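Student: Could you take me through one part of this model up close, and then show me how the rest of the chain fits around that part? I'd like to look at a loop.

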Amino acid sequence: MEHKELTAFPKSFLWGSASAAYQIEGAYREGGKGLSVWDKFVRIPGKTYEGTNGDVAVDHYHRYQEDVDLMAEAGLKAYRFSIAWTRIFPNGKGEPNEAGLKFYDDLINDLIAHKIEPVVTIYHWDLPQALQDEYGGWESREIIPDFLNYAKTLFDRYGDRVRYWVTLNEQNIFMQHGYLMASHPPAVKDPKRMYAANHIGNLVNATVIKYFHEHGYQGQIGPSFAYSPAYPADAAPINQLAADNAEQFNSYYWMDMYVFGHYPDLIRKWQTEQGLAPEITEADDALLKDPLSHPDFMGLNYYQTNTVAANPLDGVGMAAENTSGKKGTSKESGVPGLFKMAKNDYLQKTDWDWNIDPIGLRIALRRINSRYQLPVLITENGLGAFDTLEADHEIHDDYRIHFLREHVKAIHEAISDGVDVIGYTTWSFTDLLSWLNGYRKRYGFVYVNRDEESEKDLARYPKDSFYWYKQVIASNGEDLGEQK
């Protein structure tokens, strides 16, 4: 749909940026913090690039005031960050750790003092190692009351100041990487265990959202989903069918459960045929279908689209993603009998072989709006790239500006299409630790002076994109820095 005139961004639009605790905080044994599964996983040889870890990360724990000052200088309206479960409950449960609670009190208060809306992610992958050891973490229903107790503690402590809550970040990613690909904790390759653990994740999500709604906390709550819309490789009906398979398998399987309380029939049938279907009790069904357990918004983490083709039963299976930073090194991947990834000659790729597709963001927003009729909070979108710190401490990242500019245009067009978009929190504000790619894959508006070999001085240097985004925010999306 083309518009004669675009609808203006809402005056309340949350222009912001984002991060995750493990990727920025460091101080992994300070302030009473316990160990998470990532603190252990990164010490397994070969699991991360050159053995990088988040022990120090970019030291946000000690430098949060400096980082918030930079956010204010950029004019951010919102900052999405996650709370480390192990700072609040070092062993996942028991008595809360006051030092951990105070750290986030101080961060939230500093954000509000600078007129920056705090957007809190309750869980961004750093499960307490103690719960993994005790009962297998996400594979046990014992996690449901423990997670609820953790979330309740956050609601009670910060609910007077936080209006936007994200329950689980990218459940589809941490479950599949953790239980299918062994590239995240707990480093398992077992689809039956994955679907069982994922179902428990859905019960956790529903339980927390229902509790939030029942107890009248202010604000809104919802999960954040990593959505990569599927395109068919061409007009061949068999590839059109493959694209529908991919949408249901990779996307609707999660989002339908969040909003409707059930899995797509197609995928449930496939799971049954494969012997992979998770057990669903009557109590599960009642909880998941309860309107109180459904989200107020859909959090959208958007990086790319996928193009797919038909894949026979004896076709290609799942392959690991490109972590080399060298274009063209991705291997063929798919799900036999459903779909396989295909090349899209209309799209360029990042150095990590992620498709660059701004229009795909508009498509994602429209599909979510059409299927779920929910507002959307874009909780992640950004470009991971190799950045160069010049002698004068400048960083000329025109490629990132171009990437983000085109995605902002897509958001503007989606709003004009009628989609209710709450805000846009880019990934990320400062450079940070990429889970598997170390410190060389940079996403931030602010360069952090460190690498895999050395922490250096961890100095912060705004990139050209920092000043570009400042201009975008000040104009409420009207001035994208293009020459007239």
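Tutor: Let's start with A187, which is found in the loop between α8 and α9. Helices here are DSSP runs of H or I with at least four residues, strands are runs of E with at least two, and both are numbered from the N terminus. This is a predicted model, so local features need pLDDT of at least 70 and side-chain atom pairs count only at pLDDT 80 or more, while totals for chains, interfaces and linings use all residues. Residues are numbered from 1 along each chain as its sequence is written, and side-chain values use heavy atoms, with hydrogens and water left out.

Back to A187: its phi is positive, about 60°, although A187 is not a glycine. Is A187 buried, partly exposed or exposed? Its relative accessible area is 28%, so A187 is partly exposed. (Buried means under 20% relative accessible area, exposed means over 50%, and partly exposed is in between, with a 1.4 Å probe and protein chains only.)

P186 sits in that loop too, between α8 (171–179) and α9 (191–214). The peptide bond from P185 to P186 is cis, with omega near 5°.

Now look for those two features elsewhere. Another cis peptide bond runs from W427 to S428, also with omega near 5°. S428 lies in the loop between β14 (421–427) and β15 (446–448). As for positive phi, W125 has a value near 85° and is a residue other than glycine. You'll find W125 in the loop between β3 (117–123) and α6 (129–135). W125 counts as buried, because its relative accessibility is 6%.

Positive phi values turn up after helices as well. Q373 follows α13, and its phi is near 50°. G418 follows α14, with a phi near 110°.

While you're there, check the helices themselves. The expected span of a helix is 1.5 Å times one less than its number of residues. Helix α13 (residues 358–372) has 15 residues and reaches 22 Å from its first C-alpha to its last, close to the expected 21 Å. For α14 (residues 398–416), the 19 residues should span 27 Å, and the end C-alpha atoms are 27 Å apart, which agrees. An α-helix has 3.6 residues a turn, so residues three or four places apart point the same way. With that in mind, find the buried residues of α13, among them L361, A364, L365, I368 and Y372.

One more helix residue is worth a click: N109, in α5 (residues 98–113). N109 is partly exposed, because its relative accessible area is 38%.

Finally, zoom out. The protein has 15 helices and 16 strands. Its radius of gyration is 21 Å, close to the 23 Å from the globule rule for 484 residues, so the protein is as compact as a globular protein of that length. (The radius is taken over C-alpha atoms, and the rule is 2.2 Å times the number of residues to the power 0.38.) The C-alpha atoms fill a box of roughly 60 × 55 × 45 Å along the principal axes, and buried residues make up 60% of the 484. Contact means heavy atoms within 4.5 Å. Among contacts between residues at least 6 apart in sequence, 76% join residues at least 24 apart.
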